[in-house]
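Visitor: Hi, I'm new to this one. Could you walk me through it?
Guide: Gladly; here it is.

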Amino acid sequence: MRVWAMICVRPAMPGVRWTATEAPASPGECLWNALPQDARAETLAAYDRDMNAATKALAGPDQAIQASAPACVGREGAPKLWIQFATTSAMIRAASARRLAPAGLTPSGLQVIWRDADPAARACFRVNSARVYGPMAEKLLNGQTCPDKKAATSVLTAAGLDLAKDTPTAAQALIHFNAIAQGEQADALLAAFARYGPAPAP
């Protein structure tokens, strides 16, 4: 289907708006929340038009995103692409969650559905999201495969959605879960970079 962490709490930094109890739990969320509120609002509004508009809007403050990376990642020199993937996945989770709210689905509720999902369903999302990493995808997946792509739709049942009857909302849910998978992968890479340094060449 086309629509489809290593968790590290990072220190607060200037310009990041959160309280101690709301601290982002991943590099991606830290990077997204480090953006000025108006930049985030502009990107979320662009997402309401379409995904391409949102990614273009997010490219605007890329310099600010890269500047916040050392504090969010915990080390300087993280690969720019990993930073972009982590930030983009966090943005998509935030934006799709807004679209899913009228259906009674909250970010925490969606995370519970993901956590409790059939491993085969999560594997399908991970296989799909890992494609952007090219040659690194195989290492990221560590043997996970998706022999039955229909398995991924089981998360819709858990969310109380029907792909045929609730197509726009269901599509947003699939996008959200795909962004969770991609965020896990990007955050894990950044956490490994912070701990061990640059990865060896593939």
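Guide: What follows is a short tour by question and answer.

Visitor: What should I know before I start?
Guide: This is a predicted model, in which local features need pLDDT of at least 70 and side-chain atom pairs count only at pLDDT 80 or more, while totals for chains, interfaces and linings use all residues. Residues are numbered from 1 along each chain as its sequence is written, and side-chain values use heavy atoms, with hydrogens and water left out.

Visitor: How many helices and strands does the protein chain have?
Guide: The protein chain has 10 helices and zero strands, where helices (H or I, at least four residues) and strands (E, at least two) are DSSP runs numbered from the N terminus.

Visitor: And how much of it counts as buried?
Guide: Of the 202 residues of the protein chain, 48% count as buried; buried means under 20% relative accessible area, exposed means over 50%, and partly exposed is in between, with a 1.4 Å probe and protein chains only.

Visitor: At what angle do α3 and α5 pack?
Guide: Helix α3 (residues 51-59) packs against helix α5 (residues 80-100) at an angle of about 130°, and their axes are 11 Å apart; axes are lines fitted to C-alpha atoms, for helices over the stretch in contact, and angles run from 0 to 180 degrees between N-to-C directions. That makes α3 oblique to α5, given that angles under 35 degrees count as roughly parallel, over 145 as roughly antiparallel, 65 to 115 as roughly perpendicular and the rest as oblique.

Visitor: Which residues make the contact?
Guide: From α3 they are Met51, Ala54, Thr55 and Leu58, and from α5 they are Thr87, Thr88, Met91 and Ile92, with contact meaning heavy atoms within 4.5 Å.

Visitor: Switching to α6, which of its residues are buried?
Guide: In helix α6 (residues 107-116), the buried residues are Leu110, Ile113 and Trp114. Seen down the axis of α6, they fall within an arc of 100°, so they line one face of the helix; the arc is that of the directions from the helix axis to the C-beta atoms.

Visitor: What about the other side, and what covers the buried residues?
Guide: On the other side of α6, Ser108, Arg115 and Asp116 are exposed, while the cover over the buried residues includes α5, α7 (119-130), α9 (154-158) and α10 (167-196).
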